[in-house]
Amino acid sequence: MAHFSKDTSGRSLLGWCEALIVLFLGLTVAHLGISLFLLTNLGSDPFTVMVQGIALTAGVSVGTIHVILSTLLMVVMLLATKGYVKPGTVICAFCGGPIINFFSWLLAPFLSGESPMILRLSGIVLGCIILALGMSIVINSEAGTGPNDLVAMILTDKLERFQFRWVRMACDLCFLAVGLLLGGVVGVGTLVAAFLVGPCAQLWLPITRKWIPAYDQKNN
């Protein structure tokens with residue numbers, strides 16, 4: 001039985017508003033983590049490494065490829081699956097960049113590639129933990145999640161016997177491998193993210209589920 005796919009067809013307008021507010025809060029938390037991660041200048045996350053590699057191969061900007069790839073993933077999953085792509089998926093795909101830009105501007109005076117290595121390494125680990133926390137809030141909003149995160153969620157449901165943490169790690173390693181083959185930039189932070197985000201998200205999911213209001217039960 002699917003775990004991540006939820007029928008929200010009976011949710012009221014108020015229920016959707018509540019769910020999307022929760023999703024946006026989770027998205028903000030997640031991108032705070034990504035900002036910490038990126039400011040260390042010790043490598044991008046695995047999905048971004050793949051985007052970089054494709055961009056280099058195609059001769060197009062990273063931002064353009066990110067939008068194209070996110071859109072393609074959404075279209076494919078919308079056509080091939082049911083109950084995963086929701087309004088929040090669009091928000092996750094296109095609102096993450098501005099949030100990262102804001103936090104990067106805010107935190108740049110405190111963390112950068114010139115900071116002491118112990119601070120940069122701490123930024124990577126803390127960033128991954130915060131990213132996983134935000135991701136779990138977004139998932140538990142049941143209003144949709146980012147296209148790249150949906151890949152692991154759908155595979156977890158389809159494979160059934162494998163926990164989300166292992167599927168997420170496998171997806172991240174696949175993104176990393178493709179990125180490496182295409183010339184994407186890899187650092188120690190990339191490897192930390194590949195092995196830490198999935199397990200952390202698995203730990204956060206049942207905890208944040210208790211924080212989310214039961215709007216789905218009230219409005220279905």
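A pocket is an open set of points on a 1 Å grid over the protein atoms alone, where a 1.4 Å probe fits, with protein on both sides within 12 Å along at least five of seven lines; its lining residues have an atom within 4 Å of a point. The views show a predicted model, in which local features need pLDDT of at least 70 and side-chain atom pairs count only at pLDDT 80 or more, while totals for linings use all residues. Residues are numbered from 1 along each chain as its sequence is written, and side-chain values use heavy atoms, without hydrogens and water.

**View A. The second largest pocket.** Its volume, the space filled by probe spheres set on the points, is about 390 Å³. Of its 27 lining residues, H3, F4, I139, D157 and L205 lie nearest the centre. Helices α5, α6 and α8 (DSSP runs of H or I, at least four residues) each supply at least two lining residues.

**View B. Surroundings of F4.** Beyond its neighbours within four places in sequence, F4 is in contact (heavy atoms within 4.5 Å) with Y84, I139, M153, T156, D157, F164 and L205.

**View D. The largest pocket.** The volume is about 770 Å³. Among the 37 lining residues, H31, I34, T48, H66 and I100 lie nearest the centre. Helix α4 (87–107) gives the most to this lining, eight residues.
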